[in-house]
Amino acid sequence: MSINKYYIDCTKRRPTTTVNEYGKHIKSFTDYPIKGYMGSMISHDLVVANKNIVMTVNKFYCDNYEFNQDDLIIYEGEVFEIYSMDRNTVHKNHHNKLKLKKIEGVKGG
């Protein structure tokens, strides 16, 4: 039985840096459509800078094999970071497995 039947439309977001006319580096993103399925998750309670945060790690299966460590995945409207790089787990080239993380409880400055 193939996992592909559970895939939904999602997005791989790749950051790029360009230099504007003033020599300043500007970060932007390029979106690529992919199909994927979010599997099981594990939550970790952490204390960072005396604040409680929750880091959730999910297994993510997809049809794309080209990822960079700084790529983001948008799945059902939520943004996830790559926690561990991709693996062709069954060596049949029909799906790829990544671990994605989402950190909650951190306020930007």
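Colleague: So buried means under 20% relative accessible area, exposed means over 50%, and partly exposed is in between, with a 1.4 Å probe and protein chains only. Which of those is Tyr 6?

Modeller: Tyr 6 is partly exposed, with a relative accessible area of 41%. Before we go on: this is a predicted model, so local features need pLDDT of at least 70 and side-chain atom pairs count only at pLDDT 80 or more, while totals for chains, interfaces and linings use all residues. Residues are numbered from 1 along each chain as its sequence is written, and side-chain values use heavy atoms, with hydrogens and water left out.

Colleague: Got it. How many aromatic pairs are there?

Modeller: Three in the structure. Rings of Phe, Tyr and Trp (its six-membered ring) pair if their centres lie within 6.5 Å; planes under 30 degrees apart are stacked, over 60 edge-to-face, and the rest tilted. One of them is Tyr 6 with Tyr 37: the ring centres are 5.9 Å apart and the planes sit at 45°, so that pair is tilted.

Colleague: Where do Tyr 6 and Tyr 37 sit in the chain?

Modeller: Tyr 6 is in the segment before strand S1 (8-19) and Tyr 37 is in strand S2 (residues 25-48), 31 residues apart. Strands here are DSSP runs (E, at least two residues; helices would be H or I, at least four), numbered from the N terminus. Tyr 37 is partly exposed as well, at 29% relative accessible area.

Colleague: And what does Tyr 37 do with Tyr 61?

Modeller: Those two are stacked, because their planes are at 25°, with the ring centres 6.3 Å apart. Tyr 61 lies in strand S3 (residues 51-62), so the pair ties S2 to a part 24 residues away in sequence. Tyr 61 counts as buried at 16%. Put together, the ring pairs link Tyr 6, Tyr 37 and Tyr 61 into a cluster.

Colleague: Switching topic: which residues make up the largest nonpolar core?

Modeller: A nonpolar core is a set of buried Ala, Val, Leu, Ile, Met, Phe, Trp, Tyr and Cys residues joined through side-chain atoms within 4.5 Å. The largest has twelve residues, including Cys 10, Ile 34, Phe 60, Phe 80, Ile 82 and Leu 100. S2, S3, S4 (72-75), S5 (78-87) and S6 (96-104) each supply at least two.

Colleague: What does Ile 82 touch?

Modeller: Beyond its neighbours within four places in sequence, Ile 82 is in contact (heavy atoms within 4.5 Å) with Phe 67, Asn 68, Gln 69, Asp 71, Lys 99 and Leu 100.

Colleague: OK, charges. How many salt bridges?

Modeller: Five over the whole structure, taking a side-chain nitrogen of Lys or Arg within 4 Å of a carboxyl oxygen of Asp or Glu. Arg 13 and Asp 31 meet at 2.7 Å, N to O. Arg 13 is in S1 and Asp 31 in S2, 18 residues apart.

Colleague: Are those two ends buried or partly exposed?

Modeller: Arg 13 is partly exposed at 25%, and Asp 31 is partly exposed at 40%.

Colleague: What about Glu 78?

Modeller: Glu 78 bridges to Lys 102, with the closest N and O atoms 3.7 Å apart. Glu 78 lies in S5 and Lys 102 in S6, so that pair ties together parts 24 residues apart in sequence.

Colleague: Which ring does Lys 102 lie over?

Modeller: Phe 80, at 5.6 Å from the ring centre. A charge sits over a ring if NZ of Lys or CZ of Arg is within 6 Å of the ring centre and within 35 degrees of the ring normal. Lys 12 lies over the face of Tyr 32 too, at 5.3 Å.
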